[in-house]
Amino acid sequence: MSQYMLLVYEEELDPAEQAEREKVTPLLLELHAGLREAGLLVGVQRLHSTGSATSVRMRDGETEIVDGPFAVTKEVLAGYYVLECADLDEALEQAARLPMVRWGTVEVRPVMPPGEWLSTARRAGVDLSDEDVRNLA
Amino acid sequence: MSGGVEPADAVSAAAARAFHEERAIVLATLIRQAGDFQLAEDAVQDAFEAAVTAWRRDGVPANPGAWITTAARRRAIDRLRRDRSMADRAERLAELTRVDARHEEPSMDDGSAIVDDRLRLIFTCCHPALEMPARVALTLRALGGLTTGEIARAFLVAEPTMGKRIVRAKRKIADAHIPYRVPADKELPERLRGVLRVVYLIFNEGYAATEGDRLVRGELCDEALRLGELLRVLMPDDAEVWGLLALMLLHDARRAARVDPSGRYVALDAQDRALWDHGRIREGLASLERAVRLRRPGEYQLQAAITALQMQAPDAESTDWAQIAELYGALAALNPSPVVELNRAVAVGLASGASAGLELLEPLLGEPALERYQPLHAAHAELLSRAGDAEGAARAYRRAIALTANAVERAELERRLAALR
């Protein structure tokens, strides 16, 4: 089994149009219950709109705080799922069942297992113990 | 056969034959056992390199394929023992050593195990989560045994670019856990269509293009035919598998006649039919017949049927254009595209008269996808000329001439334009 993050991207709409989309909520409830029952659902979150986003970065030692998302694009990150799936085919199949694919895009990304994170850092010459894996992820 | 030391060239020949005949089979099985594409490929490569030295020393083994299988598996075990960073290293080692201890060799004559592994390999290489050029390259490398350099030359891409494309695809297979299996029944038809598209793309790349290394391009056609035949053996109940094979065989039968001695393209109705490969045509027609008997029409079968009708008629005049028009109609219903509509209009124009053809062609003149498509304007000119509108025909010929970059085509269009008056 491997974990996949399903990143839900969609266009942000005005309130009237958004209200129309909210009508899929009962369908989502049913989907989430099904995923949970099948033991596939690790986590799911919906995000506030990018109007509430703040971006932070440090350049030349100065912390910059900027109003807005990292990138201004038509479709923005609106939420995510973490699913436990047998392989990519299963993750893609679950992604295709989300109603958001009808108007937005769902990007499926494999989650790097903590052990692989540890060995990747070790290969780069970082001195880490086997126990450190628990604090990585 | 073993025992005596073979002369060096016999050993090289045996290794080359084993590479040609067994590499894909050995690789397909080892990918499943080792659980990693790259590891399996490296190990198989090691095994073939070791074979030449070992066979020179000990003689060529009775069953070279089994020798390579065992050697490749042991190389994979060695590589896993050395590389501590591999994900799931312990499980893979356990699986490989278990197989090694049991001597689980799929026997080369039976087999469902081999069939399954090669199908798994094809479906993984052609997985829709990989970009199309990577699917083509992986298929040619893993199943065709072409080198990265050969694939790069065939697709007119720099070798490092092609190398990166292949490495990236193999990384994605590993990181995203693209499964190594034949898709379940409900997704199989869709996924098989994707596989057939990759094979046909490989064939067309070799057949249609006019630039690039001609020798390598011929190899692409041969490789696509080999893949088509492999799919026919592995999936004999699928009508489109037979249909694609028929289509490729019928096109390929004309390979020698498509280019004149000075290297210029020759259109179908001007080809010297004595240069056609008639054995290949018979094979193509037999495959088409098998496909039709399965009673599941599809786009490759329809295209093969159209090609067969054009080839069976002794000349353009006696071709059964009415039936070709009907087949294009079926093709358009199955897979609508402006180019199919254009071909249908041309066939109708030849079957039922120029005005019937014009009626179908004229709506296509507003099609943005065809705006700069030379054959549309050439066909329009031809139909207008036959309908008696010399002025309109001249305009359409000039438009077609302006759109062609090919000198032979331009000369032919100019000849037709001059013949109008």
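Two residues are in contact if their C-beta atoms, placed from the backbone, lie within 7 Å. The structure is a predicted model, in which local features need pLDDT of at least 70 and side-chain atom pairs count only at pLDDT 80 or more, while totals for chains, interfaces and linings use all residues. Residues are numbered from 1 along each chain as its sequence is written, and chains are lettered from A and ligands numbered from 1 in the order in which they are written.

**Figure 1. Overall view of chain B.** In chain B, 60% of the contacts with a separation of 6 or more are between residues 24 or more positions apart. The secondary structure of this chain consists of 19 helices and 0 strands; helices (H or I, at least four residues) and strands (E, at least two) are DSSP runs, numbered from the N terminus. The C-alpha trace of chain B spans about 80 × 50 × 40 Å along its principal axes. Of its 421 residues, 39% count as buried. A residue is buried if 20 or more other C-beta atoms lie within 10 Å of its own, exposed if 12 or fewer, and partly exposed in between, with C-beta atoms placed from the backbone.

**Figure 2. The open sheet of chain A.** Four strands form an open sheet in the order β2-β5-β1-β6 (chain A), with antiparallel pairing. Two strands pair if DSSP finds at least two bridges between them. The edge strands, each pairing on one side only, are β2 (41-46) and β6 of chain A. From one strand to the next the twist averages 20 degrees. Axes are lines fitted to C-alpha atoms, for helices over the stretch in contact, and angles run from 0 to 180 degrees between N-to-C directions. Helix α3(A) lies across β1, β5 and β6 of chain A and runs at about 135 degrees to β5(A).

**Figure 3. Strand pairing around β1(A) and β5(A).** Strand β1 (residues 2-11) of chain A pairs with strand β5 (residues 75-85) of chain A in the antiparallel sense over 10 bridges. In this pairing Met5(A) stands opposite Val82(A) in β5(A), and the bridge partner of Leu7(A) in β5(A) is Tyr80(A). Strand β1(A) is also joined by 6 bridges to strand β6 (residues 105-110) of chain A, and the two run antiparallel. There, Leu6(A) has Val108(A) in β6(A) as its bridge partner, and Leu7(A) has Glu107(A) in β6(A). Strands β2(A) and β5(A) pair in the antiparallel sense over 5 bridges, with Gly43(A) opposite Val82(A) in β5(A). In a regular strand the side chains alternate between the two faces of the sheet.

**Figure 4. The contact of chain A with chain B.** The contact takes 8 residues from chain A and 8 residues from chain B. On the side of chain A that touches chain B, α3 (88-97) and α4 (114-123) of chain A each supply at least two residues. Helix α4(A) gives the most to this side, with 3 residues. The residues of the side of chain A that touches chain B comprise 2 nonpolar, 2 polar and 4 charged. Ala, Val, Leu, Ile, Met, Phe, Trp, Tyr, Cys and Pro count as nonpolar, Asp, Glu, Lys and Arg as charged, and the others, Gly among them, as polar.

**Figure 5. Packing of α15(B) against α16(B).** Helix α15 (residues 338-352) of chain B packs with helix α16 (residues 354-361) of chain B at an angle of about 165 degrees, their axes 6 Å apart. The two helices are therefore roughly antiparallel, a term for angles over 145 degrees. Residues of α15(B) in the contact include Leu342(B), Ala345(B) and Gly349(B), and those of α16(B) include Gly357(B) and Leu361(B). By class, this contact has 8 nonpolar, 3 polar and 2 charged residues.

Figure 6. Leu93(B) is found in helix α4 (residues 89-102) of chain B and counts as partly exposed because it has 16 C-beta neighbours inside 10 Å. Apart from neighbours within four places in sequence, Leu93(B) is in contact with Ile77(B) and Leu80(B). Leu93(B) and Leu80(B) lie 13 residues apart in sequence and 6.7 Å apart in space, C-alpha to C-alpha. Leu245(B), in helix α11 (residues 239-252) of chain B, counts as buried because it has 29 C-beta neighbours inside 10 Å. Not counting residues up to four places away in sequence, Leu245(B) touches Gly228(B), Glu229(B), Arg232(B) and Ser287(B). Leu245(B) and Gly228(B) are 17 residues apart in sequence, with 5.4 Å between them in space, C-alpha to C-alpha.

Note on methods
Parallel < 35°, antiparallel > 145°, perpendicular 65-115°, else oblique.
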